[in-house]
Amino acid sequence: TLSLGTFCVGEPTTPSDLVLTSTGTGTIHLDAPSLGGAPSPFDLVQAAPLAYPAALGPGEHATVSLAPRRATVAGTVTDALTWPTDVLAAPTATVALSATFLDSGAAVAPPAIDFGQVPVHLYLQDARRVTLQNCSGVPLQLDPPAIAPPFSIDGPTVPNVLEPGDPATFLVGF
């Protein structure tokens, strides 16, 4: 299951990218990805390629953006994303999705960051977006973020206080 993070009840959500990578030596033919729920609690936006059917060569990837739809009650929502392929041993690439909605406390999305394979001794601008949000009715005091090298905070400064409902988005790099 891929968790997209925690979000505040009744507040806007932030999208996460999901990448399908061809790790073999042949070309994979893909049909458009879809969500299983009808209706789904997630919104799906195709990022690359923009048109299907599509061919994915060795080492290439396809990307979609997923965002949970705003929820009115606390709890977890789930669905499954399916990407039809022509791979005989795996005719579909499927991943279970989840997102949790909170009515108090702090929300964070995404809950984990995967930088994938990174070349050694080469600097890449590879920062990933992280969003914090205050789901409580009172201001939330934040300690300065502590992150150990080789990771870094590359984006806007994280605020000291998050007012009720306010989000703070910053970038984490590797």
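Buried means under 20% relative accessible area, exposed over 50% and partly exposed in between, with a 1.4 Å probe and protein chains only. This is a predicted model, where local features need pLDDT of at least 70, side-chain atom pairs count only at pLDDT 80 or more, and totals for chains, interfaces and linings use all residues. Residues are numbered from 1 along each chain as its sequence is written, and side-chain values use heavy atoms, leaving out hydrogens and water.

**View 1. The protein chain has 15 strands and 0 helices.**
Strands (E, at least two residues) and helices (H or I, at least four) are DSSP runs, numbered from the N terminus. The C-alpha trace spans about 55 × 45 × 25 Å along its principal axes. Of the 174 residues, 30% count as buried.

**View 2. The largest nonpolar core holds 20 residues.**
Such a core is a set of buried Ala, Val, Leu, Ile, Met, Phe, Trp, Tyr and Cys residues joined through side-chain atoms within 4.5 Å. Leu30, Leu66, Leu81 and Trp83 touch the most other members. At least two core residues come from each of β1 (2-8), β3 (28-30), β6 (54-56), β7 (61-68), β8 (75-84) and β9 (92-102). A second, separate core has 8 residues, including Phe115, Val130, Leu162 and Val172.

**View 3. Leu66 touches Leu4, Leu18 and Leu97, among others.**
Contact means heavy atoms within 4.5 Å. Residues up to four places away in sequence are not counted here. The partners of Leu66 also include Thr14, Pro15, Ser16, Leu35, Asp43 and Leu44.

**View 4. Arg69 and Asp43 form a salt bridge.**
The structure holds 1 salt bridge, defined as a side-chain nitrogen of Lys or Arg within 4 Å of a carboxyl oxygen of Asp or Glu. In the Arg69 and Asp43 pair, the closest N and O atoms are 2.6 Å apart. Arg69 sits in the loop between β7 and β8, and Asp43 in strand β5 (residues 42-48), so the pair ties together parts 26 residues apart in sequence. Arg69 is partly exposed, at 37% relative accessible area. Asp43 is partly exposed too, at 35%.

**View 5. Gly24 touches Pro58 and Gly59, leaving aside residues up to four places away in sequence.**
Gly24 lies in the loop between β2 (16-21) and β3. Its relative accessible area is 40%, so Gly24 counts as partly exposed. Gly24 and Pro58 are 34 residues apart along the chain, yet their C-alpha atoms are separated by 5.7 Å.
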